[in-house]
Amino acid sequence: MYPTPHIDQENKDLIAKTVLMPGDPLRAKYIADTFLTDVVQINTVRNMFGYTGYFNKKKVTVMGSGMGMPSIGIYSYELFRFYDVEKIIRIGSCGAYTDDLKLYDVILVEKAYSESSYAKTMGVTSRKYLSASKSLNQRITRAAEKLGTPLHVTTIHSSDVFYRLNPNEFKDIHKTYGADAVEMESFALFANAKALNKKAACLLTVSDSLVTHEATTSQERQEAFTKMMEVALHSL
Ligand code: HPA
């Protein structure tokens, strides 16, 4: 089925078997401009944009996922199912639920907890936790060790809601479910990987703290993201 409803690319060979997925399509462009050679642009229907190029001779596509589980759910499904993508590594930002995590720390997601009905609705599982691919996480861990980038390997919360009415609710989620940070996409990505027998992983940079209310500036965020991108790229 080409093009798919959301990825306007008729030649599926232009999409690599491994996709790096930031939330923001401008970040996908930044990765392509900064790290990749021989870049071609992949058009998507809603200006999400992707880029395929080479890093250390390895072919890779970078494409924005958009924000939230419905959005990453659509793009990652079409990539896995119709474009023969085998591995997707999300690279995103998160808010810290604990003082143990500092701004710019990098997290490798082991499990995503979610109250979302995404996996159940899809028919994958009614469980509230989904795991990242162990083999992808091993590769990422090795790459991080080589680069000297410390990783926090832990459980995170994939939330359906950014603006909660109760600002203290995160404390219960941290305590009850063991989630150390919050983002809004991994659970759906992992559900799609499970549904389609593919591999998914997620690296996150701490961009704000629900405990201390510190937040990063966009310039600082860009630099911190570079570390995480390098870990992802060196794991290819
Ligand atoms: N909440 C949800 N998603 C996020 C946050 C947050 O505080 N920070 C970065 N992604």
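1. Strand β5 supplies the largest share of the lining of the largest pocket, six residues. Strands here are DSSP runs of E of at least two residues, helices are runs of H or I of at least four, and both are numbered from the N terminus. A pocket is an open set of points on a 1 Å grid over the protein atoms alone, with protein on both sides within 12 Å along at least five of seven lines, and its lining residues have an atom within 4 Å of a point.

2. The model is predicted: local features need pLDDT of at least 70 and side-chain atom pairs pLDDT 80 or more, while totals for chains, interfaces and linings use all residues. Residues are numbered from 1 along each chain as its sequence is written, and side-chain values use heavy atoms, with hydrogens and water left out.

3. The largest pocket holds about 910 Å³ of space, a volume being the space filled by probe spheres set on grid points joined across faces, edges and corners. Its lining numbers 36 residues, and Ser93, Phe162, Val182, Met184 and Asp208 lie nearest the centre. Two or more lining residues come from each of β5, α5 (169–177), β9, β10 and α7 (218–234).

4. By class, the pocket lining has 15 nonpolar, eleven polar and ten charged residues. Ala, Val, Leu, Ile, Met, Phe, Trp, Tyr, Cys and Pro count as nonpolar, Asp, Glu, Lys and Arg as charged, and the others, Gly among them, as polar.

5. The ligand takes up the space of the largest pocket; to sit there, more than half of its atoms must lie within 2 Å of the grid points. Elements giving two or more residues to the shell around the ligand are β5 (87–96), β9 (181–183) and β10 (199–209). Of these, β5 gives the most, three residues.

6. Residues around the ligand (a heavy atom within 4 Å) include Cys94, Glu183 and Leu210. The shell comprises five nonpolar, three polar and two charged residues.

7. Which side chain has an N or O atom 2.9 Å from a nitrogen atom of the ligand? That side chain belongs to Asp208. A backbone N or O atom of Gly95 lies 3.3 Å from a ligand nitrogen atom.

Notes. Polar contact = N/O pair within 3.5 Å; in protein donor to acceptor, adjacent residues only side chain to side chain. 1 Å grid on protein atoms, 1.4 Å probe; cavity = no way out; pocket = protein on both sides within 12 Å on 5 of 7 lines; lining within 4 Å.
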